[in-house]
Each structure stands twice: as structure tokens, then as C-alpha cells.
Amino acid sequence: MAPAVSVVLPTFNRAHCLPGAMTSVLDQSFKDLELLIVDDASTEDIKAVVTEINDPRIRYLRLERNSGAAAARNVGLAKALGNYIAFQDSDDIWLPGKLAKQLELLKAQPPEVGVVTGLKIIYGRDTARVHGPGRVDCAPDPNRPFTLQEDQLKRSLVENRISLQNALFRRDCMPDIAWFDPRAKANNDWEFVVRLSQHKLILEVVEPVVLAMLSPDSISAKPRKRATGFLRILQKNKHVYARYPNEYGWFLYSTGMALYRCGRKRAGRQLILKSMRLRPQNALRLARGGLRRLIR
């Protein structure tokens, strides 16, 4: 019999932290699950780490060449058997009860609600981005969660409220089982959420469900990949941004700044100037940051 929930965990050379991430899934109070470990052509012996945890619910898949997290997740999705889909990262920990609570919530929602999501507690984030004191943060910002009544697509164009490991999805929430864009080397979760919010509603619960650690090799620590991820979101969703010129201007500005900061100054400046034609208040954003020189 197929499990109720399929958990997809992509990994690349994370042998040191993978057991903890796996155990936090397997030790959930809800047991009717499978855990698909998708090894993205690691040079470490990930299979040995996986087989060390003796649990029949584990399935190990290995890619022949390194293809990135988006492609690895798509491979796991294609092999998944459950009616509900969850994701785990190889350096994160699910909190106890995460799966049972979210499954109960999602089952109670009408079909148009395709996902339930929560918060994660992040350790190791730069203090400039922390909502409180110290190096511990909570993401996404818990002060303004999604509501089912708002235009969630409009808001998703400027803010990603879903970290994949925080959420539980209905398997049929997307028309295609290949949910993620392999060409988006960063922010592929955000690009996915923009498309998801065109099909389904998102139920957000302000409760931590994951502990996350920022590692030196995290995508968020690689500005160039983040910038190209922004560009991919723009390229794939032009038809959507056309309906929301203010949000388009906001995202153009953010993309331009990301490009400028990673060394692509000419391309970044062009997007910043274009953004101000759509959203003049972006000039104030430049002024507040003392960055007027960018448009001279």
C-alpha cells in the first residue's frame, strides 16, 4: 500500500548533517510516510550514510551527474507514491509533530487550498537581518502572514512566504509533477511559489515547524546565484508581472540591486532605471540607501 506522505530530501555532500535531517523525519509521530533521499551525484559516500539508518521507509536515489536541488527534487517527485508531498533539506531539523499537525490542517481545508506552511527558526544568520537580538531569526517574518482572503499571487511576486521544508503540499496542487525549474540555481522555491499561487491557495500558520542552520555553502551565501535566480523568476513570469506593474517595478529594482552587488553593474543599473519608470518610489529606496550614484 502506498504511503500517505512522500518526503523528498535532496542532498549533495552533506554526510555530516544528513543523519540528523533524516532522523527528524523518521521520528515524526505520523509514521505513514516514505523518505526519498535524492543524492545529487555527491563525491561523498552518501549511500553508506543512508543505509546506516535501517528503516524500510527510506528510498535512496542517485543522480549520475550533479544537477542542482531543483532537478533533484523533481526526480524525487517523479518517484513519490504519496498523496501528500513534503520536503526536507539535508542540514535542517523537523520539529516533533510537524507532519501530524500539518496533515490534519490540510485535510480539513477545501480542495482549493493546496498547501499548509509554517515558520522556521534559523541559526547563524547575519544580525543585520534578524528580527530580534542575537544570531537567531524566524522566517518568514511572522508579523504579517498570508490570509486566504488576500490576493496571494500579487504578494508572492514580491515576497516568498514558503520555505519548502516548512510546508506540506497536496500532490495535485500543480498540473505538472515537475514542480521546479532546474535552470533556477537559486530562488527556485520562490519561482515555484509564484506558479503555485496561480493554481491554489496557501494556508500559513504562524508556528515554527523547522530548525534551520545557515551553512557557508548555502545558496543564500552566493550573491551571483541569487541574482541569476531573480532573473529566472522575471523571465518565466513576465505575463504575470504585466498584470501587476507596481510589483513588477519592485522586483525589477531588487533584481537590479542583486546584479549590481555581484559585479554586473551595467545590467543592474539598467534594471534599476527601468524599475523607477514603473514605480517612481524606487528612487526613494535608492536615496535611503545612499545609492543615488547608481543612476548617474
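H7 passes H9 in a left-handed crossing, where left-handed means that the near helix is turned anticlockwise from the far one by less than a right angle, and right-handed would mean clockwise. Helices here are DSSP runs of H or I with at least four residues, strands are runs of E with at least two, and both are numbered from the N terminus. H7 covers residues 223–236, and its axis is 8 Å apart from that of H9, at an angle of about 150 degrees. The axes are lines fitted to C-alpha atoms, for helices over the stretch in contact, and angles run from 0 to 180 degrees between N-to-C directions. H7 and H9 are therefore roughly antiparallel to each other. On that scale, angles over 145 degrees count as roughly antiparallel, under 35 as roughly parallel, 65 to 115 as roughly perpendicular, and the rest as oblique.

A word on the source: this is a predicted model, in which local features need pLDDT of at least 70 and side-chain atom pairs count only at pLDDT 80 or more, while totals for chains, interfaces and linings use all residues. Residues are numbered from 1 along each chain as its sequence is written, and side-chain values use heavy atoms, with hydrogens and water left out.

Which residues make the contact of H7 with H9? From H7 they are Ala 227, Phe 230, Leu 231, Ile 233 and Leu 234, and from H9 they are Tyr 248, Phe 251, Leu 252, Ser 254, Thr 255, Ala 258 and Leu 259. Contact means heavy atoms within 4.5 Å. Sorted by class, this contact of H7 with H9 has ten nonpolar, two polar and no charged residues. For the classes, Ala, Val, Leu, Ile, Met, Phe, Trp, Tyr, Cys and Pro are nonpolar, Asp, Glu, Lys and Arg are charged, and the others, Gly among them, are polar.

Next, the other side of the pair. H9 (residues 245–261) also packs with H10 (residues 265–278), at an angle of about 160 degrees and with the axes 7 Å apart. That makes H9 roughly antiparallel to H10. The crossing of H9 and H10 is left-handed too. The contact includes Tyr 248, Leu 252 and Leu 259 of H9, and Leu 271, Ile 272 and Leu 278 of H10. Its residues divide into eleven nonpolar, five polar and three charged. Lys 265 is in H10 and touches Leu 259 and Tyr 260, leaving aside residues up to four places away in sequence. Is Lys 265 buried, partly exposed or exposed? Lys 265 is partly exposed, at a relative accessible area of 45%. Buried means under 20% relative accessible area, exposed means over 50%, and partly exposed is in between, using a 1.4 Å probe and protein chains only.

Trp 250 is found in H9 and is partly exposed, with a relative accessible area of 23%. Again leaving out residues up to four places away in sequence, Trp 250 touches Val 158, Trp 190, Arg 279, Asn 282 and Arg 285.

H6 (residues 188–196) and H7 have axes that come within 9 Å and cross at roughly 20 degrees. That makes H6 roughly parallel to H7. The crossing of H6 and H7 is right-handed. In this contact, Trp 190, Glu 191 and Arg 195 of H6 meet Phe 230, Ile 233 and Lys 236 of H7, and the count is three nonpolar, no polar and three charged residues.

The largest nonpolar core has 29 residues, of which Val 5, Met 22, Leu 35 and Leu 168 touch the most other members. A nonpolar core is a set of buried Ala, Val, Leu, Ile, Met, Phe, Trp, Tyr and Cys residues joined through side-chain atoms within 4.5 Å. Elements giving two or more residues to it include strand S1 (5–11), helix H1 (18–26) and strand S2 (33–39). H1 supplies the largest share, five residues. Apart from this core lies another, of 25 residues, among them Val 8, Val 38, Met 174 and Ile 202.

Last, some backbone details. Ala 139 and Pro 140 are joined by a cis peptide bond, with omega about -5 degrees. Pro 140 lies in the loop between strand S7 (136–139) and helix H5 (152–156). Asn 13, in the loop between S1 and H1, has a positive phi of about 50 degrees although it is not a glycine. Asn 187 has a positive phi near 60 degrees and sits in the loop between strand S8 (167–170) and H6. At 18% relative accessibility, Asn 187 counts as buried.
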